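Dear colleague,

I am handing over the structure we spoke about, which you will find just below. Please look through it alongside the notes that come after it.

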Amino acid sequence: LQISEPNEFDIMLVMPVARLQLDECDDTGAYYYVSFKRNPKEKYLLKFLDEDGKLSAFKMLQALREIIKQEVKNIKNVEVTVKRKKAGSPAITLQIKNPPAEISVDIILTLEIQQSWPSSTQDGLKIEQWLGRKVRGELRNKSLYLVAKQNKKEKVLRGNTWRLSFSHIEKAMMNNHGSSKTCCESDGPKCCRSGCLKLLKYLLEQLKMKHTKELEKICSYHVKTAFFHSCVMWPNDTDWHLGDLDYCFQKYLGYFLDCLQKSQLPHFFIPKYNLLSLEDKASSDFLSRQISYQLNNGFPIFQ
């Protein structure tokens, strides 16, 4: 789904861990404290426990950052640097200097656990009408991913929270996005779903470049989440005819605008988690005005 220059990459560094105890740390259902159920097979992880016996994302990220810094020194033929750490970010970012362009690579520490998804996800992933009940079951059987992400709502920021991540599931849905199996395959009918998502991602990217401060609370994940909800609302491939790109894009954009105006965008996998909370209302309202202006003036930003 890369739109502009392919100069940013995300790599999940996945660590399989056996049984973990997950405890919700707030009411979003997305953030968890992680501890071991019994003596873990992964004895090497014990040194990353904090004083309460919780697995510290902060300590693990720090250790990973040190390993990466050491390894980067061994890279001879390209200039690679580790960027300064951003508070609360789950990523360690590498800057790779020219040729042919500068690239940044985010390495994201991820725990992979083979256990059933937490109860907060029970009513999420409502794809029965779109991809079918069987596919939903298959997706929910995949491992659970947790990324080392600071929960800003915590009174005391101790760096021991982890956030659920569904990027592997989102990728699977993007790769098999049709209600019919052959949608967008080489010999199958083509749809405009990914075209619509790319357009809105590009629109947001351009607006964020122009209004960085006002839109710092809005990210491409908001656009992606609204996209998945749109796929559920319009589940058939005929709703996304390739030739109807402009009509479909405006329909999807209309839904996203509605979310912004209501400050209501439920997480696709954790329905009780609202991604557009009221404390970010100023950003939502600002974006809503900018998008409405683009919509009413034939999208000058695309010219």
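This is a predicted model: local features need pLDDT of at least 70, side-chain atom pairs count only at pLDDT 80 or more; totals for chains, interfaces and linings use all residues.

I begin with the loop between β3 (31-36) and α1 (57-72), where Lys 41 is placed. Lys 41 is exposed, its relative accessible area being 71%, and together with Arg 19, Lys 37 and Arg 38 it forms a positive surface patch. Lys 47 also has its place in the loop between β3 and α1, and with a relative accessible area of 60% Lys 47 is exposed. The side chain of Lys 47 reaches the backbone oxygen of Tyr 44 at 3.4 Å, whereas Leu 164, which lies 117 residues from Lys 47 in sequence, is 23 Å from it in space, C-alpha to C-alpha.

Turning to the salt bridges, a search of the whole structure finds 11. One of them joins the side chains of Asp 52 and Lys 54 at 3.8 Å, N to O, and Asp 52 is partly exposed, with a relative accessible area of 46%.

Glu 128 is partly exposed at 25% relative accessibility, and Lys 126 is partly exposed at 42%.

Lastly, Asp 285 and Lys 281 form a salt bridge in which the closest N and O atoms are 3.1 Å apart. Because they are four residues apart in helix α7 (residues 281-296), about one helical turn separates Asp 285 and Lys 281.

Notes:
Residues are numbered from 1 along each chain as its sequence is written. Side-chain values use heavy atoms; hydrogens and water are left out. Patches are made of residues with over 30% relative accessible area and no salt bridge: like charges are joined within 9 Å, nonpolar side chains (Val, Leu, Ile, Met, Phe, Trp, Tyr) within 5 Å. Accessible areas come from the Shrake-Rupley method with a 1.4 Å probe; for residues, only the protein chains shown count as cover. A salt bridge is a side-chain nitrogen of Lys or Arg within 4 Å of a carboxyl oxygen of Asp or Glu. Lys and Arg count as positive and Asp and Glu as negative; His and the chain ends are not counted. The place of a charge is taken as NZ of Lys, CZ of Arg, CG of Asp or CD of Glu. Helices (H or I, at least four residues) and strands (E, at least two) are DSSP runs, numbered from the N terminus. Buried means under 20% relative accessible area, exposed over 50%, partly exposed in between (1.4 Å probe, protein chains only). A polar contact is a pair of N or O atoms within 3.5 Å; within protein, one must be able to donate a hydrogen and the other to accept it, and residues adjacent in sequence count only if both atoms are side-chain atoms.
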